[in-house]
Structure formats: structure tokens, C-alpha cells
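Dear colleague,

My notes on its contents come after it.

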Amino acid sequence: MVLSVPMEDINAYPKLSKAYYSFVEILFRSHKKTVFALDTNIFMQIMTTVHDGLQSSDASISSFCANTVDHMTTYYFNNNGKDKVPMHNLNKHIAAQPNLFSSLTATLFNLLLFGPPQNHWAVMRPMLSLMLASESSFAQYKDHLLSTQSPENQGKLNEALTKLLADVNRSLDSANRDRFTQKLTAFRVATRGFLTL
């Protein structure tokens with residue numbers, strides 16, 4: 001029912017848009033089995049709104065969307081390869097839209113590196129789970145970002161990326177998440193001074 005209202009109308013009313021994105025975040029946090037069982041077109045319609053919401057100038061909306069991405073990618077990382085119906089359904093959606101993780105990775109990193117400072121805390125939360133869920137998406141983004149920089153900046157960026165990934169485990173425990181968030185903050189500060197769009 002919520003998807004029958006055009007997103008332009010939802011986004012035109014701040015209270016309604018916050019309620020919508022909060023509802024989606026709750027669905028992905030507590031009702032994954034139901035969400036993943038949706039038709040692929042409906043699931044992708046929801047993910048398109050989440051992708052758009054990540055880029056919202058309203059920090060609470062981008063935070064709801066970042067948490068939604070984190071719930072999905074954490075589930076994917078923790079259950080990939082397991083014979084569970086929700087995992088089969090999620091894999092079906094990803095097979096139908098193979099660039100889902102790479103698109104989210106690019107958006108989140110672009111927001112972190114080039115976006116407004118009020119959103120950077122919100123977008124950091126899902127980055128580790130997304131990177132672990134799809135290491136190839138991060139590698140693609142890294143190669144693309146390096147290719148857009150001058151040779152001098154490529155060296156600086158490579159060094160910053162090496163520091164970012166040092167001592168990061170393939171785990172989503174709280175200590176590893178906190179360590180990675182601290183490293184992301186340092187990475188953001190170090191690279192914003194020289195990165196070019």
C-alpha cells in the first residue's frame with residue numbers, strides 16, 4: 001500500500017517522508033523474511049527509494065536509509081552460502097539487479113568523501129557490512145576513484161586506502177565496527193584535502 005503513493009508526494013511532506021523511511025528501516029531490521037519474500041520488482045522499488053533517501057539533505061532520512069542498507073548487508077554477510085529461504089530470496093533479488101551492492105557502495109563512499117558533513121556519520125554505519133558482503137563492489141569503486149585522480153593524488157589515495165583497510169577483520173562485531181568507523185573518519189579527513197571530483 002505504501003508503494004502506491006508516488007515518492008514525489010512522499011518526499012514533498014517531511015513528516016510523511018520520515019515516517020516512510022522509518023517504516024522501511026523497521027521492516028529491514030525486524031521483518032527481513034517478509035521483505036526478502038516480496039516480488040523482485042517491489043523489492044527493487046523499495047531499494048531505489050532507500051538509495052535516493054541516502055542522498056537526502058535530512059540527516060534523519062539518510063540515517064534511516066543507511067541503517068536499512070546495514071540490516072540487509074549484515075544479513076547477507078552473515079548468511080551467505082546458507083540454505084535459508086530468506087537468503088535464497090535475497091540472492092534472487094541481487095541476481096535480478098547485480099549492480100545493487102556496487103551502486104550502494106559508490107553512493108555511500110561519494111557521500112562520505114564529497115557530501116555534506118552532517119551526513120557523514122549516518123553513511124558510515126553500513127560501509128563495513130557492505131564491503132564485507134561484496135568485496136568486489138568496493139574493489140570496483142576503489143579502481144574507479146583512483147582512475148579519476150591525478151598520478152600524484154593516486155599515490156596519496158592508495159596510501160590512505162591501505163591505512164583504511166589495515167587491521168580490519170572479516171567480522172561485524174562491535175569492536176571491529178568501531179575500529180573501522182574510526183578509520184573511515186581518518187580516511188575522510190585525510191582524503192578530502194586532495195581528492196578532486
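Predicted model: local features only at pLDDT ≥ 70, side-chain atom pairs only at ≥ 80, totals over all residues.

Aromatic pairs

A search of the whole structure returned eight aromatic pairs. One of them joins Tyr20 and Tyr21 in an edge-to-face arrangement, with 5.0 Å from centre to centre and 80 degrees between the planes. Tyr20 has a relative accessible area of 4% and is therefore buried, the limit for that class being under 20%. Tyr21 likewise counts as buried, at 3% relative accessibility.

Phe109 and Phe138 also form an aromatic pair, in this case a tilted one: the centres are 5.5 Å apart, and the planes are at 40 degrees to each other. Phe109 belongs to helix 7 (residues 100-114) and Phe138 to helix 10 (residues 135-147), so this pair ties together parts that are 29 residues apart in sequence. Phe109 is buried, with 2% relative accessibility, and Phe138 is buried as well, with a relative accessible area of 9%.

A loop residue

Pro116 sits in the loop that runs between helix 7 and helix 8 (120-124). Its relative accessibility is 34%, so Pro116 counts as partly exposed. Between Pro116 and Val50 there are 18 Å in space, C-alpha to C-alpha, and the two are 66 residues apart in sequence.

With kind regards

Definitions and conventions. Residues numbered from 1 in each chain as written. Heavy atoms only, no water. Phe/Tyr/Trp six-rings, centres within 6.5 Å; stacked < 30°, edge-to-face > 60°. Buried < 20%, exposed > 50% of the residue type's maximum accessible area, 1.4 Å probe, protein only. Helix = DSSP H or I, 4+ residues; strand = E, 2+ residues; numbered from the N terminus.
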